[in-house]
Each structure stands twice: as structure tokens, then as C-alpha cells.
Amino acid sequence: MIKKIIIVVITLFISAGSFAQKNNTSAYSFFGIGDKNNINTVEQLSMGGIGVALNDTYRLNFSNPASVASLSFTTYTLAIENKNINAQDSNSKQSAATTYLSYLALGVPLGEKGGLTFGLLPNSSVGYSLVSNVLDSEDALTEATLYSGEGGTNKVFLNFGYKPYKGLSLGLQGNYVFGKIENSIINQTLTAPLATKFETVSNVKGYSFNMGFQYVTGLSAKVDLNLGASFDLGNTIDAEGQEYLYSVSLGSFESPRDTILNTKSIGELKSPLKTTLGAGIGKKNKWFAGVDYSFQNALELEGSVFNSYSKIAYDKYSKVALGGFYTPKFNSISSYWERVTYRAGLKFEKTGLLVDALGNGTDFTAIDDFGISFGVGLPLSQQLSNINLGFEFGKRGNTNNGLVQENYFNFRLSLSLNDKWFNKLEIF
């Protein structure tokens, strides 16, 4: 058993390098430390992202640290995600896609009343490449600017949950956020022999904490009422790096020339308390229907790293998610498809991001997100382990005031393996 733990720990930390891959293709990942990732399992995302009130004996739940107290089996899970985006503004359309490893985690029950989870999750992601052209009166190109960026932040977490009373679970989670973000702007006019490049390279780090509770009580002999709440405590993420300004020669490869600026830069991203409330009803191992509501005050950006973001502002964040699952017959012997779990859900999200694409300081437009999701859980040869497939399509942003509308389709695949690591020794 100790050997199994060592193997999983080594796998988690070796795989941290895999999270450095490009895992975003959105123009909106330009701002701050990138797009905030949906920190949920494939199972949860297939139900619109619900899960604060939902607990499970053999599946992990990243929405609420209290859920691990219900874990009965050692559970190892990992997932990959494929993102496809069709972006359009008032003039043109573009498409992009990327595939990446989205999470790794291990949950271990600690007796009948407790549980422990640790793992690696994506926290935010940056990945964009945008071109802005200036044309003369005869529609001839006179100037071109390329905006590009990559990187993001990841989160290593440790979570402990405990059941002090029947039906009540409490949980606490600690997180360490780290990562590297690179942004660059290359500008060249038709008459200039060299282009000018401005580049920022930032190392990001910080700590955060989550806490939550879940309560389950019977409405009848067969139906339970699930209540839950999760709190992401206020935290500050620090960014330290370098700013460069130099001339470059553009050809088959980029050749740097004279350095005009090389200076240190710092910044802070302050996140206030985020609260998520959830409720649902269901029959254990049969069906569940629930709703989650999240809200948070506006984020704050400070420091020279983020001073260039004059075209954005932040407002209050909110999200409503509805979803559920249905399993025809959890312990069916005669039919495999009766043991399959079917999931569906939808979300309405106000991201809190406001963008002034025209740059006049008055036309700030909210970037909202709407998505519909569905998926299936396919049992493996051992009933408690499964493969989960998830699909999501939706829309973010719009084409008003020079903005970009993104129509997206996401495919997700996860593997959840269950085992009994701590078995009592039996003497015959």
C-alpha cells in the first residue's frame, strides 16, 4: 500500500510539467493572469458545473472540500480536455483548438468519518495570438501589430474533510498557486526596416484557502435533501518579472537587436471572498437534481505588471448552474447500459470582466458566458471504476462595440479508478 502512495505522489509531481503546455486559445485570456479555469471534475462539468451539495462515496468533488468526508474508496482520477473555439468580430471569423491534461488527484478515506485529497489542477491559462492591421485610404497595409501570449498558473492542493455528526460534513483546503506568463506585442510599419517588440515575462505565486460544509437529510424513505456551501477565502496572487523593449528583425526567425528597456516589474491580483451555495434532491446511486449559485465582489489588479490593461475593468462575478444525473439501475447484472450514468446541465455566468475595445474609456461591455453540457459515465469491469465522457457547447462575449464573440465546444475525458488500500487483516 505504501508503494502505491509513493507511485501516485511521484506521478502527480512529474506531471506538473505537463500543465505548462498551451491550454487556451481565447482572446480573453490576455487579461490579468489569464482565463480562470473551471475547477471541477468532468462529472461535475457534464452537469453544468454543480457539485457544492453533492457528495459521493467513490467519486471526487473539487467544488466543496467537505465532500471528501463521504469517500469510501481510494480514488485516483485524471482527465484531458479538448477545447474548440470559433471566434468572430464584426469583420472576420477564426477558429482554434487545443488539447491538454486538465487535472490529477488522489482521494483517500481516513476511517469512516474522514477523508484526504491532494492533487494538481489548472488555475488560469493564457493562450492567444491576435493581429491588428492599419490600412490606408486605398486599403493597402501600412502597419501591423501582433499580440501573443502563453502560460498560466497551476494549483497544488491538499484537502481534508470530516463528519462530526451524522449527515454533516466539514472541509478545509489549502492551495499553492504558481506559474509563468509571457505576453508580447510586436509592431512594424511598412517604412521601418525593423520591428519593435515589447515583452513581459512574469512569475506568479501565492496561497489560497477554501472551506465548506455539506448536510444531507431524508425527505422520505427514498429521497434525500442535500445542502452545501463553499467559501474561497480572499487572497492575493503576486507577480514578479521583467519588461523588455527592443528592436527585432523579422524573417524566417525572430532576431533581437538593440535593447531599449530592461526593467523589473511587480503586480498583485486581489481576489475577495467567493461564496457558492448549493441545494439538490435525489436518491443515492439513482438520480440527483441540483442548483448552485456563486457570487463574488470585483477583482483588483495593482502594480506595473497590470498597468497596461487600461481597456478593462472588473465588476461583480456571479454564476447559476443547474444539472443532475440519472442511473437506471446501479447494480444491474443483466444489462451494462442500465449501469451507465447519464448527466446534463447548463450554466449562466457573469464573468465580471468588462472590456472597452474601442478605448474611449466609456464603452465597457460585460463578458458573459452561457453553456449547455451533457455526458455519460461508463463503468469498467470493476463496478466502482469508470470512464467519463463530457461535452459542452456555449457562447462567451458578443460582437458589440468591437468585441469578440466566442462560440465553443469542449470535449472532456476522465478516468476514475477505485480501490481498497486499507483492508483489515483477517486471520482464519
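Predicted model: local features only at pLDDT ≥ 70, side-chain atom pairs only at ≥ 80, totals over all residues.
View 1. Phe-374 is one of the residues in a nonpolar surface patch, together with Val-291, Leu-322, Phe-348, Phe-370, Ile-372, Phe-393 and Phe-409. Taken together, these side chains put about 640 Å² of accessible area on show. Which strand gives the most to the nonpolar patch? That would be S17, residues 365-379, with 3 residues.

**View 2. Asp-35 and Arg-396, a buried pair.** Here Asp-35 makes a salt bridge to Arg-396, and the closest N and O atoms are 3.0 Å apart. Are the two residues buried or exposed? Both Asp-35 and Arg-396 are buried.

**View 3. Glu-302 and Lys-270, a bridge between two strands.** Glu-302 and Lys-270 pair up in a salt bridge, with 3.5 Å between the closest N and O atoms. Glu-302 is in strand S13 (residues 300-302) and Lys-270 is in strand S10 (residues 254-271), so the bridge ties together parts 32 residues apart in sequence. Glu-302 is partly exposed at 34% relative accessibility, and Lys-270 gets the partly exposed label too, at 28%.

**View 4. Glu-182 and Lys-180, a pair with partly exposed partners.** The Glu-182 and Lys-180 side chains come together in a salt bridge, at 3.7 Å from N to O. Glu-182 has a relative accessible area of 27%, which means it counts as partly exposed. Lys-180, at 42%, is partly exposed as well. As a rule, oppositely charged side chains can pair up when their charged atoms get close.

**View 5. A salt-bridge network.** Which residues are linked in a network of salt bridges? Glu-81, Lys-347, Asp-369, Glu-392 and Arg-412 are. Zooming out, the structure holds 10 salt bridges.

**View 6. The whole chain, for context.** The protein chain has 2 helices and 19 strands. Of its 428 residues, 46% are buried. Among contacts with a separation of 6 or more, 66% come from residues 24 or more positions apart. The accessible surface of the chain is about 21000 Å², and carbon and sulfur atoms account for 59% of that.

Methods
Residues numbered from 1 in each chain as written. Heavy atoms only, no water. Helix = DSSP H or I, 4+ residues; strand = E, 2+ residues; numbered from the N terminus. Buried < 20%, exposed > 50% of the residue type's maximum accessible area, 1.4 Å probe, protein only. Contact = heavy atoms within 4.5 Å. Areas by Shrake-Rupley, 256 points an atom, 1.4 Å probe, with all protein chains shown as cover. Patch = residues over 30% accessible without salt bridge, like charges linked within 9 Å, V, L, I, M, F, W, Y side chains within 5 Å. Salt bridge = Lys/Arg side-chain N within 4 Å of Asp/Glu carboxyl O.
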